[in-house]
Amino acid sequence: VCSSDLSAIYMAIVTATYGITFFLPLIVKGAGFSDAKTGLVTAIPYVIGTVGMVLWSFSSDRQKERRWHFIVACLVAAAGLFAAGKVGGAIWGLIAMSIATIGLYGSKPAFWPLPSEFLSGKGAAGGIALVNAIGNLGGFVGPYVLGFLKDFTGTYEAGMYFLSACALISAVVAFFTVHRTRFSSGS
């Protein structure tokens, strides 16, 4: 695996993450909640995602495995985002978004040990910086495309499918490029 593979993997999952981060309050507000309730309801998926992240990272550390933890987290995110686009309702949509945040935030602690497993020496700092810099371009792509699709279609459904596809792409690229490492037990 090289820095460009890791950058593509990270950019795809960051695209999905930031798409939700910027638009979840607007999606919740669109369900008819007041401003105060929008803030409280929007916090629910993030609280659940935070708990999921801690448990996911605990599992990854305990099993000394990163690849499959990352891939499965991305698949969970993709499923949650897809379901959020499909169900649309306030309660079911909130449940789907909560599932998505478990995957989105669970992927990060499984991802960040990977660059140091493949990059070493003086190149490690530059490689990790490159992965982070390119990957964080997804922070522009996700919200931009989601907003464009919302304006074009009038709903968030297509945007959710786009974000779901990004999470799925991250899993697929990781599956084909990240192989057994000194910490992974599976390939």
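Trainee: Is Phe111 buried or exposed?
Mentor: Buried means under 20% relative accessible area, exposed over 50%, and partly exposed in between, with a 1.4 Å probe and protein chains only. Phe111 has a relative accessible area of 1%, so the residue is buried. The model is a predicted one, in which local features need pLDDT of at least 70 and side-chain atom pairs count only at pLDDT 80 or more, while totals for chains, interfaces and linings use all residues. Residues are numbered from 1 along each chain as its sequence is written, and side-chain values use heavy atoms, with hydrogens and water left out.

Trainee: How many aromatic pairs are there?
Mentor: Rings of Phe, Tyr and Trp (its six-membered ring) pair if their centres lie within 6.5 Å; planes under 30 degrees apart count as stacked, over 60 as edge-to-face and the rest as tilted. By this rule the count is 12 aromatic pairs.

Trainee: What is the geometry of the pair formed by Phe111 and Trp112?
Mentor: The ring centres of Phe111 and Trp112 are 5.0 Å apart, with 80° between the planes. Trp112 has a relative accessibility of 29% and therefore counts as partly exposed. The geometry of the pair Phe111 and Trp112 is edge-to-face.

Trainee: What is the angle between the planes of Phe175 and Phe176?
Mentor: At 34% relative accessibility Phe175 counts as partly exposed, and at 58% Phe176 counts as exposed. Their rings form an edge-to-face pair, 5.0 Å centre to centre, and the angle between the planes is 85°.

Trainee: Which residues form one aromatic cluster with Phe111?
Mentor: Trp112, the pair partner of Phe111, belongs to this cluster. With Phe111, the cluster consists of Trp112, Phe70 and Tyr10.

Trainee: How many helices does the protein chain have?
Mentor: Helices (H or I, at least four residues) and strands (E, at least two) are DSSP runs, numbered from the N terminus. From the N terminus on, the elements run α-α-α-α-α-α-α-α. With zero strands, the number of helices is eight.

Trainee: Why is the protein chain described as being as compact as a globular protein of its length?
Mentor: The radius of gyration is taken over C-alpha atoms, and the globule rule is 2.2 Å times the number of residues to the power 0.38. For 187 residues this rule gives 16 Å, and the chain is close to that value, so it is as compact as a globular protein of that length, with a radius of gyration of 17 Å.

Trainee: What percentage of the residues is buried?
Mentor: The count covers the 187 residues of the protein chain. Buried residues make up 45%.
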